[in-house]
Amino acid sequence: MQKTALITGITGQDGAYLAELLLGKGYLVHGIKRRSSLINTDRIDHLYQDPHVQHPHFVLHYGDLTDSTNLIRIVQETQPDEIYNLAAQSHVKVSFETPEYTANADGLGTLRLLEAIRLLGLSEKTRFYQAATSELYGLVQETPQKESTPFYPRSPYAVAKLYAYWITVNYREAYDLFAVNGILFNHESPVRGETFVTRKITRAVAQIALGTDQKLYLGNLDARRDWGHARDYVEAMWLMLQQDRAEDFVIATGETHSVRDFVKMAFAEAGIALEFRGKGLEEKGYVTGCSHPGYQLPEGQEVVCVDPRYFRPTEVDLLIGDASKAKQKLGWTPKYDLKALVREMVQADLAGGGRSTPSAEG
Ligand code: NDP
Ligand code: GDR
């Protein structure tokens, strides 16, 4: 029997990789996309199917997590076996500027979907995946962070996701719903949104190497993150919904690196050696060698600067996850290490001239 999945946030990074994974497994995939004045389906265009074909495998619906009637109608029409709730205002810094909207979409949006399942009498049929996040851990309580580590959210985004986490647990316990939280640590890819730090860095590396830009401005270089590859992480989402019991899982690589480390690795991947000098706001990154014959970057050129506009009112200093439970119960291990991730991202941005967002294919 063909399974049906409904993915919210299908136009985002994870939505694109997950849709590709599920289509490869023979699912009928429905996705919810928002109406926008410009077409925003770049990441999934390679999966697009003409809606006039007789039995489409990939169907998009207009919708929004802030509109419960719309969500109820889509869940009723699609009768999904699995719902993956990936939609969110997902930018931590932006959440300080749009806290109420973030709470509505990321917090209440999750409740609306759970209620849709319950009100439509789908509690026994439909399994629910919630995109929870390592941002829940926020201010460090213990390291490495695991399922039992106490939460201490540090942004309106993380607080909204805390509500979503607990309402998912509550519906599991109150209504016996198969509902799980995947507590995913940062995961990236060549189609990562351009304002998240990794992609901002790899795009800038490409532009600086190709001579179309000269400087990369960043915020807190000391923040440490556990960065994995989105392709590995969507596999874990799917595995969580195939278990006999609904449980929450941490998904992480178990390694942590600073933003500064990531910058150095990304420039090195393009053949540019970089050294940081100075402290605090005065810290800067200088070229100390350029081994790529195609680029002309003189030694001593200043290519990275700190700009306080990218600082957050409250920061998450250190994330490093312990995914032992996922390894043991889901048989999940990441295939990519950070070096391979950085290589793929930098090479994709160099190939695209540091401009376009390539699709999630390949
Ligand atoms: P993206 O920002 O790339 O994608 C977010 C998606 O949500 C987009 O499709 C966006 O649509 C959609 N969306 C935003 N607001 C709404 C709304 N009100 N109604 C409907 N759709 C909406 O995020 P990622 O793919 O990186 O992340 C997926 C999920 O996982 C998010 O919930 C994120 O918070 C969470 N997460 C991500 C991690 C990561 O490192 N990537 C780690 C842990 C959790 P549009 O394209 O129109 O903007
Ligand atoms: P994060 O990702 O906040 O961890 O949330 P982001 O890449 O935005 O920031 C990571 C760290 O880098 C520091 N930083 C900068 N960040 C951005 N965006 N831009 C900069 O110029 C910059 N300079 C330094 C940040 O301060 C931070 O410490 C991501 C999102 O995908 C969330 O949706 C998800 O829940 C978490 O990862 C896990």
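**Close-up views of the predicted model**

**A bridge in the parallel pair of strand 5 and strand 6.** Ala-132 has Ile-183 of strand 6 as its bridge partner. Strand 5 (residues 127-133) and strand 6 (residues 179-184) run parallel and are joined by six bridges. Helices (H or I, at least four residues) and strands (E, at least two) are DSSP runs counted from the N terminus. This is a predicted model: local features need pLDDT of at least 70 and side-chain atom pairs count only at pLDDT 80 or more, while totals for chains, interfaces and linings use all residues. Residue numbers start from 1 along each chain as its sequence is written, and chains are lettered from A and ligands numbered from 1 in the order in which they are written.

Pairing calls for at least two DSSP bridges between two strands. Angles run from 0 to 180 degrees between N-to-C directions, with axes fitted to C-alpha atoms, for helices over the stretch in contact.

Look inside for strand 14 (residues 284-290) and strand 15 (residues 302-306), an antiparallel pair with three bridges. Gly-285 has Val-304 of strand 15 as its bridge partner.

**Helix 6 against helix 8.** The axes of helix 6 and helix 8 (residues 259-269) come within 10 Å and cross at roughly 30°. The two helices are therefore roughly parallel to each other; the cut-offs are under 35 degrees for roughly parallel, over 145 for roughly antiparallel, 65 to 115 for roughly perpendicular, and oblique for the rest. The crossing of helix 6 and helix 8 is right-handed, meaning that the near helix is turned clockwise from the far one by less than a right angle. On the helix 6 side you'll find Val-197, Thr-198, Ile-201, Thr-202 and Val-205, meeting Val-259, Phe-262, Val-263, Ala-266 and Phe-267 of helix 8. Contact here puts C-beta atoms, placed from the backbone, within 7 Å. This contact has eight nonpolar residues, two polar and no charged. The classes are Ala, Val, Leu, Ile, Met, Phe, Trp, Tyr, Cys and Pro as nonpolar, Asp, Glu, Lys and Arg as charged, and the others, Gly among them, as polar.

**Helix 6 again, now with helix 10.** Helix 6 (residues 197-209) and helix 10 (residues 338-351) have axes that come within 8 Å and cross at roughly 45°. Helix 6 and helix 10 are therefore oblique to each other, and the crossing is right-handed. Helix 6 brings Thr-198, Arg-199, Thr-202, Arg-203, Val-205, Ala-206 and Ala-209, and helix 10 brings Met-345, Val-346, Asp-349 and Leu-350. That makes six nonpolar, two polar and three charged residues in the contact of helix 6 with helix 10.

**Around ligand 1.** Ligand 1 is surrounded by 26 residues, the closest being Gly-9, Gly-12, Ala-87, Ala-88 and Ala-131; to count, a residue's C-beta atom, placed from the backbone, must lie within 6 Å. Helix 1 (13-24) and strand 5 each supply at least two residues of this shell, and helix 1 gives the most, with three. The shell around ligand 1 has eight nonpolar, 15 polar and three charged residues.

**Around ligand 2.** There are 22 residues around ligand 2, and the closest are Ser-90, Thr-133, Val-197, Gly-219 and Ala-223. Helix 3 (92-97) and helix 6 are the elements giving two or more residues to this shell. The shell around ligand 2 divides into nine nonpolar, seven polar and six charged residues.

Most residues other than glycine have a negative phi, and most peptide bonds are trans. Gln-79 has a positive phi, near 45°, and belongs to the loop between helix 2 (68-78) and strand 4. The peptide bond from Thr-143 to Pro-144 is cis, with omega near -10°. Pro-144 is in the loop between strand 5 and helix 5 (156-175).

Definitions and conventions: Contact = placed C-beta atoms within 7 Å.
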